[in-house]
Amino acid sequence: MKPEQKTRGAEEAMEVAEASRETEWEKPSFVGDLFLGNYRLDLIHPFPEQGVDDKNAGDAFLAKLERFLSENVDAEKIDRDAEYPQEVLEGLKALGAFGMKIPVEYGGMGFSAVNYNRAIALIATWCGSTVAWVSAHQSIGVPQPLKLFGTAEQKKKWLPRLAAGAISAFALTEPGVGSDPAKMKTTARPSPDGKGWILNGLKLWCTNGTRAELLVVMAQTPPKVVGGKEKKQITAFVVETNSPGVKVEHRCQFMGLRGIGNALISFKDVFVPNENLVWGEGLGLKLALITLNTGRLTIPAGCAAGSRRMLQIARDWANERVQWGLPIGKHEAIAVELAWMASHTFAQEAIAWLTSGLSDAGKVDLRLEAAMAKLFNTEVAWQIVDKLVQIRGGRGYETSASLEARGEKPWPVERIMRDMRINRIFEGTSEIQHLFIAREAVDPHMKRAGIILKPDATLGELLPALTRAGLHYAAWYPTLLIPKGRGKFGDFGKLGKHLRFAERASRRLARAIFHAMTRFQAKLERKQRTLFRIVDIGTDLFAMSAAITYAQHLAKKGVDTANAYDLADHFCREARLRIENNFRTLFHNHDDYSYQVAMTFMKGDFQWAEGMLVEGIVPTPEKIEEAIRSMV
Ligand SMILES: Cc1cc2nc3c(=O)[nH]c(=O)nc-3n(C[C@H](O)[C@H](O)[C@H](O)COP(=O)(O)OP(=O)(O)OC[C@H]3O[C@@H](n4cnc5c(N)ncnc54)[C@H](O)[C@@H]3O)c2cc1C
């Protein structure tokens, strides 16, 4: 059985998403080139260095922030009470923490991406809920789209208020739409007097929504006819939460991040003035996606910092805990986990500071790197917390309050795990990051030979396009077979061999993408596991390159060379095993069979395996009803 054909609804959703894609590549992209077999280390090396003045500004704030956190933020109590104290929010506002990313001319601190992410990273080592309050406000909340797309008047009107601590939130998700926001139900209709819009709908999981003064809300505005075809329009608005008709219906509670103020918000005939429309009618989904793309560097920095905190706990415990006559860290099974955690934390750090630094320098397009940073750092941080729980044994599962009550070190590993899990889901799930990166990886090929990926292409369309593409590929393909890396990476000591591997692997990857296109043609879009393997290879190559340039950067700054090089070397060895495995299984796998088993499962043919009403599972009321219905 093959993956399902697309329905019309799916095609429509794809059309809207495609129309909202950023299609221009005005600046070079390291990862974009990597997927074409063009390994441009020069785009990420030398590793970007933070300027002295910028660093000093960051240091001064970080010192204040650190004091504030340790004196005022009780992460355990926030987690236990599932409440965030208002006075702590007021303290953060007074500190300027809600204006870090807002330009100085509007009353903010005008931080660089590096300084902002340093602050987020510091908070992430202390309290996940605090990270959410501060970052939902300025990584994706109203300041970010206003900075990117607001008019001068809009910036003047709202940014000073936002910098002073008027909390804001980002409202895209709805009960019926998550990863596919194109199909949202919230509407905005022009008001009869022409002075504004009337907003109706429901937005789910708005982080900060319980206490926000301002929201950026994406809503469907009336469709427009473009090129003879009716096109859905999604438009972004700034909404004051004290407007009549805005109501927090429910505060959502979660497994972790228990101190966040996340809300289900309803809009009933809410009047929104014309001046509150941001960027332009029909540009709302694009605004939301660009906001998420540019805001996407915060989570990777937070995850890397969380991993650093976990390394400390792992090292202390692996040395302290003795079982079978040895510190547990000296048993090989635990030792290899420690090495993995340390080297992968190093890679996360490299990615976080490389992307932040490149973002400040503004010379490269970071869309793909940012998505890879989100994907890699959240996945790795989750694996690290899982390993840490295992290393702590029973104590990893025990709450810190319970540990403290019986006189042990209250390391909050259980809370870190609960807080960490959401990172693989919000601001675009790992699956969606894979699909986004894959879409961009095949884009240059689509532009040249996209017609072969069109299911309904006629022979008349195919032949000339294939001839044109054929001429290009006939010249391009042989260049992928010519080694280019030999002797080029001498400056990198023992890491040079990994760069040579990366250079070769990027050409092999470009060939693999081309093979996948010609092999699967229009079906490639639905071959998600193949696409995911391609993306995972690219992501590991990016992570290797980042780790190596970071190691060299640290070495030049006088950090113990051997140590930084060892961590990068270990990471590269692990990444190369994954890369080889992904190449090996790219076209030789049982994906189709897995799909077939899953479809049988979805139909319910394996219900006996769930033990429904027979034995083994206590039946839920719904299952009992279902069974009774099937009997009558
Ligand atoms: C704590 C928290 C805070 C949040 N904060 C905000 C916020 O401030 N503002 C906001 O607008 N939203 C927010 N969200 C929503 C969040 O961004 C969504 O949960 C996320 O985008 C995924 O949507 P979903 O949960 O509806 O999952 P779905 O889209 O229903 O997906 C379910 C699963 O299916 C997978 N999937 C979906 N489509 C595909 C596909 N085409 N191919 C393969 N797999 C697929 C997903 O990856 C996922 O694993 C928040 C959510 C939480 C839990």
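View 1. Ala 169 stands opposite Leu 215 in S4, in a model that is predicted. S1 (residues 168-171) and S4 (residues 214-226) pair in the parallel sense over four bridges; strands are DSSP runs of E with at least two residues, helices are runs of H or I with at least four, and both are numbered from the N terminus. Two strands pair if DSSP finds at least two bridges between them. Both faces of S1 are covered, with Ser 168 and Phe 170 buried on one side and Ala 169 and Ala 171 buried on the other. Buried means under 20% relative accessible area, exposed over 50%, and partly exposed in between (1.4 Å probe, protein chains only).

**View 2. Residues around the ligand.** Of the 19 residues around the ligand, those that come nearest are Thr 173, Ser 179, Trp 205, Thr 429 and Glu 431; a residue is near if one of its heavy atoms lies within 4 Å of the molecule. The shell is made up of 10 nonpolar, seven polar and two charged residues. Here Ala, Val, Leu, Ile, Met, Phe, Trp, Tyr, Cys and Pro count as nonpolar, Asp, Glu, Lys and Arg as charged, and the others, Gly among them, as polar.

View 3. A polar backbone atom of Trp 205 is 2.9 Å from a nitrogen atom of the ligand. A polar side-chain atom of Gln 528 lies 3.0 Å from a ligand nitrogen atom, and one of Thr 429 lies 2.7 Å from a ligand oxygen atom. The protein buries 69% of the 980 Å² that the ligand exposes when taken alone (Shrake-Rupley method, 1.4 Å probe). Strand S3 (196-207) and helix H17 (430-449) are the elements that give two or more residues to the shell.

View 4. Thr 429 lies in the loop between helix H16 (413-420) and H17. Thr 429 counts as buried because its relative accessibility is 17%. Its C-alpha atom is separated by 9.8 Å from that of Thr 378, 51 residues apart along the chain.

**View 5. Gln 233 in strand S5.** Gln 233 is found in S5 (residues 229-240) and, at 8% relative accessibility, counts as buried. Its side chain reaches the backbone oxygen of Lys 231 at 3.4 Å.

**Notes.** Residues are numbered from 1 along each chain as its sequence is written, and side-chain values use heavy atoms, with hydrogens and water left out. Local features need pLDDT of at least 70, side-chain atom pairs count only at pLDDT 80 or more, and totals for chains, interfaces and linings use all residues.

Notes
Polar contact = N/O pair within 3.5 Å; in protein donor to acceptor, adjacent residues only side chain to side chain.
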